[in-house]
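Hi there,

Here is the structure I promised to pass on. Have a look, and my notes follow below.

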Amino acid sequence: MRAAQVSKLEGPESVEIVDIPEPKSYPGGVVIDVHAAGVAFPDVLMSRGLYQMKPELPFVVGGEVAGIVREAPADAHVKAGDRVVALTLLGNAMAETAVAPAQMVFPLPDNVSLESGAGILFNDLTVHFCLRNRGRLAAGETVLVHGAAGGIGTSTLRMATALGAGRVIAVVSTEAKAEVARANGATDVVLAEGWLAAVKELTGGRGVDIVLDPVGGDRFTDSVRSLASAGRLLVVGFTAGEIPTVKVNRLLLKNVEVIGAAWGEWVMTHPGYLTEQWAEVAPLLAAGKIAAPEPVLYPLDRAAEAIASLENRTATGKVVVTLR
Ligand SMILES: NC(=O)c1ccc[n+]([C@@H]2O[C@H](COP(=O)([O-])OP(=O)(O)OC[C@H]3O[C@@H](n4cnc5c(N)ncnc54)[C@H](OP(=O)(O)O)[C@@H]3O)[C@@H](O)[C@H]2O)c1
């Protein structure tokens, strides 16, 4: 089979298309003919050996697929021929064939294409976990998201209202990204330059209830400042590079919280949680209450470029690599 492989940790440009044997199935494994695979920031980090998970070289990149089941265990909830989305767990996704554990394979609603499907699980379930579980989003609250035109950002824009938010404010670096944020459902969009003052003005000085922050870096302290009383800042990632610190007196003075939100860790330590999440998200996708992502598509031959677009900050929305 053809696959996108990392054999040296020199970044996205060193991702190569190779012909390798198909992966072997295992007890409880579902074999999937992959049509599309999602690209996410951890793929960038893994291609440089900078992610917390460091698979042995060489490895196939990508952690999520959409495709058709070729073979499934007799007692699995999916069967040969089903359209599915699946997590392969950070690696082994950008290949013509993938194997995923049955509990991480889910039927895809008929109204969602396989290309869109490949962009759902990683980001949408992270955002669902952030807003529902860690952020305790209550009906009518205001959510602000940094990096709003990115993968996690556009997921937040597509989902927050369906999960109860009253207003969703997008922070982006450029006017072009502002358009992407609007198209994905932002109620308001502000530019990263001077964003705190703009948000204070938009909220009449009150601030926001939840900040979902996949960016970190030097805007972090302003994110704490942007919270309304009893607000929650969700620490999701550090695409800006720097890992910020917080002076805890700021939390005390305004009755606000800074909360870690690591979806992967939660999934691994809470068996059954993924299934619970899909049971809530899939009907919302099927009913059109959450719009499916409209990913930017790259053929497998251009996987390196697809992954590089996240590193060089030119990616907008979800990026997906197509295999069939
Ligand atoms: N905690 C979890 O469970 C979890 C799960 C999934 C992903 N993540 C993390 O979430 C973060 C975002 O992932 P993603 O897939 O959404 O990435 P993405 O699609 O590349 O979006 C990231 C956004 O970050 C902003 N950004 C600011 N400074 C940047 C820089 N120096 N380089 C690149 N982007 C920069 C960009 O927006 P502007 O240009 O508009 O600023 C960009 O759109 C990553 O750190 C990832 O590891 C965490």
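How much space lies in the second largest pocket? About 250 Å³. A pocket here is an open set of points on a 1 Å grid over the protein atoms alone, where a 1.4 Å probe fits, with protein on both sides within 12 Å along at least five of seven lines; lining residues have an atom within 4 Å of a point. The volume is the space filled by probe spheres set on the points, joined across faces, edges and corners.

Before going on: this is a predicted model, where local features need pLDDT of at least 70, side-chain atom pairs count only at pLDDT 80 or more, and totals for chains, interfaces and linings use all residues. Residues are numbered from 1 along each chain as its sequence is written, and side-chain values use heavy atoms, without hydrogens and water.

Back to that pocket: 17 residues line it, and those closest to its centre are Thr 154, Arg 158, Asn 184, Pro 293 and Glu 294. Domain 1 (2-119 + 293-322) and domain 2 (123-264) both contribute to the lining, so the pocket lies between them (bounds from an automatic or database domain assignment).

The ligand also lies between these two domains, because both give residues to its shell. That shell holds 25 residues, the closest being Gly 151, Ile 152, Ser 173, Lys 177 and Ala 261 (a heavy atom within 4 Å). A polar backbone atom of Ala 261 is 2.7 Å from a ligand nitrogen (N or O pairs within 3.5 Å count).

Best wishes

Terms used
Polar contact = N/O pair within 3.5 Å; in protein donor to acceptor, adjacent residues only side chain to side chain.
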